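Below are a few questions and answers for a reader meeting this structure for the first time.

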Amino acid sequence: MAYTSRSGARPGLRRLPTDMIEEYARHVGQADLIRESIDGRVGEDPPAGF
């Protein structure tokens with residue numbers, strides 16, 4: 001089964017992984033903001049002695 005839009009256009013294979021990466025990055029960013037608001041740490045590396 002192939003997806004075809006109303007205009008008859010079909011998405012290319014390159015479009016699918018690009019959209020998936022973009023959506024994943026959007027949710028990772030939101031999760032990072034939630035984590036920062038909970039534990040107060042900013043950035044990727046934990047402080048020394050954590």
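Helices (H or I, at least four residues) and strands (E, at least two) are runs in DSSP, numbered from the N terminus. This is a predicted model, in which local features need pLDDT of at least 70 and side-chain atom pairs pLDDT 80 or more, while totals for chains, interfaces and linings use all residues. Residues are numbered from 1 along each chain as its sequence is written, and side-chain values use heavy atoms, without hydrogens and water.

Q: Which residue just after α1 takes a positive phi?
A: Helix α1 covers residues 15-39. Just after α1 there is a phi of about 80°, and the residue that takes it is Gly 40.

Q: What distance does helix α1 reach from its first C-alpha to its last?
A: The expected span is 1.5 Å times one less than the number of residues. Helix α1 has 25 residues, and its reach is close to the expected 36 Å. The value is 36 Å.

Q: How many salt bridges does the structure hold?
A: A salt bridge is a side-chain nitrogen of Lys or Arg within 4 Å of a carboxyl oxygen of Asp or Glu. One of them joins Arg 15 and Asp 19, with the closest N and O atoms 3.0 Å apart. The total is 3.

Q: Which residues do salt bridges that share partners join into one network?
A: Glu 22 forms a salt bridge with Arg 26, at 3.3 Å between the closest N and O atoms. Glu 23 also meets Arg 26 in a salt bridge, at 2.7 Å from N to O. The network therefore consists of Glu 22, Glu 23 and Arg 26.
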